[in-house]
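Q: I would like to go through a structure feature by feature. Please give the idea behind each reading, then the case at hand.

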Amino acid sequence: MATQQSETVFLHIDNRVAHVTLNRPQAINAMDVTMLNELVQTLKEVASNDEVSIVILSGSGRGFSAGGDIKTMLSSTDESAFGPVMDTISELMTTLYTMPKLVISAIHGPAAGLGLSFALAADYIIADRHSILAMNFIGIALIPDGGGHFFLQRRLGEAKAKQVIWEGKQMSPEEALSIGLIDEVADDDLQGAVLQKVGKWLKKPVKAMVQTKTIFNQVHLPELKTILELEKQGQQEMRNTEDHQEGVRAFLEKRKPTFVGK
């Protein structure tokens, strides 16, 4: 048994299972630069730990993750910081996607934006019945990042992925399950549902399961890397649009934005 805590990430390893918990509960685990860097470091440690077979991703407090930290983004006027942050996001998502372990996302409360992209990188996704899922970048005239295009396309197909991105609406776990976005809805006990899945997997030949995962990942990794780079370029372009500026103003003023398509 081992426990490790950084400023924003909590890691607990016990009986071949690594529990990685996002730990900024005061911000519904919104991902700031510190959390992104600490997640990369933590996941790399877990990936290289031969004693770990399964990884569980979860969030502390009221939700899984509200996404990227918008307040931090809005308070930063340093455009030169944008590229390095996006590069860290890319490193995080490729590290998670290629993790040589079986990964479960355990979602409660909000999983939105970058937080949802992060959750979708897992092999199996279980959501609490009261969770809320949203790929909601469109609300401030941005596009998904963190490989959101890739993970949605893999799970839903291109046509449905576009609809989810363009609508940007909040989905119930039942709706997310019905379209194939997640794999299971926990009735009343999310932890119990996760532990039940873990118990079944621990009785299986996990190395063989991971080898299958690795084969698929190696085939699709070049596409993920391409999409991450295109998302970086596209996000930079969208940040300079009139609609994004209006979306930000509307967000700050707590009103519905008026977009003009420019």
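Q: Which residues of helix α8 are buried?
A: This is a predicted model, and burial is judged by relative accessible area, with under 20% counting as buried. In α8, the buried residues are L190, A193, V194, K197, V198, W201 and L202.

Q: What do the buried residues of α8 pack against?
A: Packing is read from contacts, meaning heavy atoms within 4.5 Å. For α8 the partners are the strands β3 (17–22), β4 (54–59), β5 (102–107), β7 (124–128) and β9 (184–186), together with α9 (206–239).

Q: How does the span of α8 relate to the expected value?
A: The expectation is 1.5 Å a residue.

Q: Which residue caps the N-terminal end of α8?
A: Look for a side-chain oxygen close to a backbone nitrogen at that end. Here D189 is the cap, with a side-chain oxygen 3.4 Å from the backbone nitrogen of Q191.

Q: Which residues touch the most other members of the largest nonpolar core?
A: In soluble globular proteins, nonpolar side chains tend to be buried together. The largest such core here has 58 residues, and those touching the most other members are V20, L39, V55, L57, M93, F118 and L152. Helix α3 (residues 82–97) gives the largest share of this core, seven residues. Apart from this core lies another, of 17 residues, including A186, A193, V194 and L202.

Q: What is L39 in contact with, leaving aside neighbours within four places in sequence?
A: L39 has contacts with V9, V20, L22, M31, L92 and F118.

Q: How many residues of α3 are buried?
A: The count is 12 of 16, so α3 is largely enclosed by the rest of the structure. The buried set is F82, G83, M86, T88, I89, S90, L92, M93, T94, T95, L96 and Y97. Their cover includes α1 (33–47), β4, β5, α4, α5 and α9. The end C-alpha atoms of α3 are 23 Å apart, which agrees with the 22 Å its 16 residues should span at 1.5 Å a residue.

Q: How many aromatic pairs does a search of the whole structure find?
A: The search finds five. One of them is F64 with F118: the ring centres are 6.2 Å apart and the planes are at 35 degrees, so the pair is tilted. This pair links distant parts of the chain, since F64 lies in the loop between β4 and α2 (70–75) and F118 in helix α4 (residues 114–120), 54 residues apart. F64 is buried at 0% relative accessible area, and F118 counts as buried at 1%.

Q: Why is the pair of F150 and F151 edge-to-face?
A: Planes over 60 degrees apart count as edge-to-face. The planes of F150 and F151 are at 85 degrees, with ring centres 5.2 Å apart, so the pair is edge-to-face. F150 is buried at 0% relative accessibility, and F151 at 3%. Together with Y97, F150 and F151 form one aromatic cluster.

Q: Is I140 buried or exposed?
A: I140 is buried, with a relative accessible area of 12%. This residue lies in the loop between β8 (132–134) and α5 (148–156). Its C-alpha atom is 9.6 Å from that of M238, 98 residues apart along the chain.

Key: Residues numbered from 1 in each chain as written. Predicted model: local features only at pLDDT ≥ 70, side-chain atom pairs only at ≥ 80, totals over all residues. Heavy atoms only, no water. Core = buried A, V, L, I, M, F, W, Y, C linked by side-chain atoms within 4.5 Å. Buried < 20%, exposed > 50% of the residue type's maximum accessible area, 1.4 Å probe, protein only. Helix = DSSP H or I, 4+ residues; strand = E, 2+ residues; numbered from the N terminus. Expected span 1.5 Å × (residues − 1). Polar contact = N/O pair within 3.5 Å; in protein donor to acceptor, adjacent residues only side chain to side chain. Phe/Tyr/Trp six-rings, centres within 6.5 Å; stacked < 30°, edge-to-face > 60°.
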